[in-house]
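Hi everyone, thanks for having me.

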Amino acid sequence: MSALDRRAKALRHFSRCGAALQGCVFVSSWLIPHTASAQITSKEVKFFSEAVQCYAKIYLPKGFTADSKAPGVVLAPAPGDTAASLDKYAAQLAARGIVAMAIDYRGWGRSGGFLYLSEPLRWDDRLRFSQHTAKVRIRRGRSLPDAQILDIRNAISYLQGEPGVDRMRIGVWGTDMAGGHAVVAAAVDVRVKAAVAQVPIIEGRDVPRKAFAPSAGQQAAMVRLARSGQAPAAALAAELRNEEETKLALAEYHPFWYADAIPKTTAVLFVVAEKDAAVNNDAHAVAASNLLKGPHGVASVSGATHALTIPGAFETAVDAAAAWFLKYL
């Protein structure tokens, strides 16, 4: 089974449930002392991505004020997961003095969904704005990389407007496929001064850099969607449409292609699991790291698998990320 097929299979499961430093860096959990969670505070906020209201939870360091000028980091969950899965990471970053914002993508968790008209309306180009009452369909559980990266960038914009956050000291943290999102965000948005990609899926090393050439099956799906792709009217139809759109989106998504476009002023750390069976670290994190022009490194969590569930794995991973952000933000 190819990496693309594995990702599509995992996302189908989530949709139904709707989951100047070179070389290698090894960071042990004792390097940064843990601060009691009682010393930090958190608040729920709403930000907007293409006019869709999205949910996020911001964790604030002890003593944080509107005059703090603290660094800020947006935390992006793996597709199919939500901000709740990142609470422990965000809390630990805040305990070290970083404002941490964990987000829900559009169509997931507590964020709004994708809105579509379920009935035709008349409109006229002579009107720059008009208001109507109409029935709509709301789609959720979509895993479209381009949309999720835009959500991350809009979260950056929101965090830059948070009083007490230094808008020039912004980072992005992503896990699993969102590790690839972090790479893309760092490549296309100069506001990202530091990034951490945890157990990242950074597909595209062995894919020739050329225009997308759909297979016969993909071409047929694209034509069908273009000619009869109105919003699904039932849950099962929406699930099947989500799967079809995800497969097409992933076929064109190659975050590895963006690695060498990351500015030399942006520092990127890859946190990998030593025994990761879900992704080949050499073909993803290590290969991407070798293309970077600025500060970069690879931190390996000894003995850990992709889920980082063995004792001490979380502590090692979050300490590596915190140390990186504190050094480069």
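Let's begin with aspartate 319: it is buried, with a relative accessible area of 0%. Please keep in mind that this is a predicted model.

Which residue does aspartate 319 meet in a salt bridge? The partner is arginine 96, and the N to O distance is 2.4 Å. Arginine 96 sits in the loop between helix 2 (87-95) and strand 5 (99-103), while aspartate 319 belongs to helix 8 (residues 313-328), so this pair ties together parts that lie 223 residues apart in sequence. And is arginine 96 buried or exposed? Its relative accessibility is 10%, so arginine 96 counts as buried.

Why might such partners meet at all? Side chains of opposite charge can pair when their charged atoms come close.

Now please find glutamate 245. Its side chain meets that of arginine 139 in a salt bridge, 3.1 Å from N to O. Here helix 6 (residues 235-251), which holds glutamate 245, is linked to strand 7 (residues 136-139), which holds arginine 139; the two residues are 106 apart. Both glutamate 245 and arginine 139 are buried.

Glutamate 245 also forms a salt bridge with arginine 142, where the closest N and O atoms are 2.8 Å apart. Arginine 142 lies in the loop between strand 7 and helix 3 (145-160), 103 residues away from glutamate 245. With 10% relative accessibility, arginine 142 counts as buried; for glutamate 245 the relative accessible area is 16%, and the cut-off for buried is under 20%.

Among the residues involved, Glu50, Arg106 and Asp151 are joined into one network by salt bridges that share partners.

Note on methods: Residues are numbered from 1 along each chain as its sequence is written. This is a predicted model: local features need pLDDT of at least 70, side-chain atom pairs count only at pLDDT 80 or more; totals for chains, interfaces and linings use all residues. Side-chain values use heavy atoms; hydrogens and water are left out. A salt bridge is a side-chain nitrogen of Lys or Arg within 4 Å of a carboxyl oxygen of Asp or Glu. Helices (H or I, at least four residues) and strands (E, at least two) are DSSP runs, numbered from the N terminus. Buried means under 20% relative accessible area, exposed over 50%, partly exposed in between (1.4 Å probe, protein chains only).
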